[in-house]
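Here is a short briefing to read alongside the sequence and the 3D view. Please keep both open as you go through the points.

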Amino acid sequence: MVLPEVSIVVPTVNSPTFKECIDSIIAKTRPDYELIIVCDTPSEQKRELLNSLSAKVLVNETRIGSLRAINQGLAATTGKFILVMNDDVIVKTDDWLSPMIKVLTKYPEFGIACPRIIYPDVNKEDFFAAVTECSLMTREVLDKVGMLDESEEFSHQGGDGDYYMRCKKSGYTIVGINEVQVFHYVGQTIKTELTKEKLEAPMKTLFKRYGNAIKVDQHRHLVYSLSENKLILKGQMLELGGGNNPQFHPNIDIRPGFGVDLVANLEEPLPIEDESYGGVWCQYSLEHISWRKIKDFLKEVYRILKPEGKAVFIT
């Protein structure tokens, strides 16, 4: 039996954009994939649509929630890569999975790739899709990190953040792919009134588990540009040598770690464009650089600073 390259998992309940979502997958994805749909409490009309699709369909007669539904779908996957996406996400780029697969194959330390997310309802875009929103992971990540946490406090939100942080602790990070684009019509999947308690519960759990690291990783912007064939760190401030305890901005260090976005030799030219950052935070980096290279390092720091930028050195 020949296994598919990609397994696509789509949990669904009552989104009016479900058919458009599935149609976009079929139209924009090359044939080597399997489609797995997990549907809670489908109507008769929805059942007819599901039966017409060339897909693995898992039906729950009661509402089990999105995290359990996703885990059901993940358990049924057989592909080398696994993509999870909301049923209110519409694919806009032809052959959209190939660039993400290419980057994950070239840089296995990333583990998870996501497209450029456009939110038409709120006129916003972001690279950092939630894991369940629209992201592609390797089979290795799923095997090592495991399933989503189905705890009650994550029933409405927070499960994505927990999974992402577990990936980070296992040595993986998320990368955005510059040339791949999807639309996400926010709130079409399930319209639920979230109380203050429901909003606060998952964040309390995340802070208890990961401390301030959960805040730090909300500021990550690591993007791969296929057209330029390079990685781009996006943000207002850059940290050099922060190790496992970065501040609130992207971090380059000499070795992999929990809070490291990009590994680079600080004694060599930095993989960053001129005048890219308003500030550079150099924490415990100078002592790891040969005295013969200190002058070159300082030149590099000031090269990537904007004209009005500032650098801070802590030793």
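This is a predicted model: local features need pLDDT of at least 70, side-chain atom pairs count only at pLDDT 80 or more; totals for chains, interfaces and linings use all residues.

Residues are numbered from 1 along each chain as its sequence is written, and side-chain values use heavy atoms, with hydrogens and water left out.

**The sheet and its helix**

- An open sheet of 5 strands runs in the order β14-β13-β12-β15-β16, with parallel pairing. Its edge strands, β14 (262-263) and β16 (305-314), each pair on one side only.
- Helices (H or I, at least four residues) and strands (E, at least two) are DSSP runs, numbered from the N terminus; two strands pair if DSSP finds at least two bridges between them.
- Within this sheet, β12 (residues 237-240) and β15 (residues 277-283) are joined in the parallel sense over 4 bridges. M237 stands opposite G279 in β15.
- Helix α9 (residues 294-304) lies across β12, β15 and β16, running at about 140° to β16. Such angles run from 0 to 180 degrees between N-to-C directions, with axes being lines fitted to C-alpha atoms, for helices over the stretch in contact (heavy atoms within 4.5 Å).

**Around N60**

- N60 lies in strand β3 (residues 56-60) and is buried, with a relative accessible area of 11%. Buried means under 20% relative accessible area, exposed over 50%, and partly exposed in between (1.4 Å probe, protein chains only).
- The side chains of N60 and D40 are joined by a polar contact of 2.9 Å. That term means a pair of N or O atoms within 3.5 Å; within protein, one must be able to donate a hydrogen and the other to accept it, and residues adjacent in sequence count only if both atoms are side-chain atoms.
- Leaving aside neighbours within four places in sequence, N60 is in contact with V38, C39, D40, T41, P42 and Q72.

**Cysteines**

- The structure holds 0 disulfides (pairs of cysteine sulfur atoms within 2.5 Å).
- For C114, the closest cysteine sulfur is in C134 at 8.1 Å, too far for a bond.
- C114 is buried, with a relative accessible area of 1%; C282 is buried, with a value of 1%.

**Aromatic pairs**

- A search of the whole structure finds 2 aromatic pairs. Rings of Phe, Tyr and Trp (its six-membered ring) pair if their centres lie within 6.5 Å; planes under 30 degrees apart count as stacked, over 60 as edge-to-face and the rest as tilted.
- The rings of Y107 and F110 have centres 5.3 Å apart and planes at 40°, so this pair is tilted. Both Y107 and F110 are buried.
- F183 and Y185 form an edge-to-face pair, because their ring centres are 6.4 Å apart and their planes at 70°. Y185 is partly exposed, with a relative accessible area of 23%.
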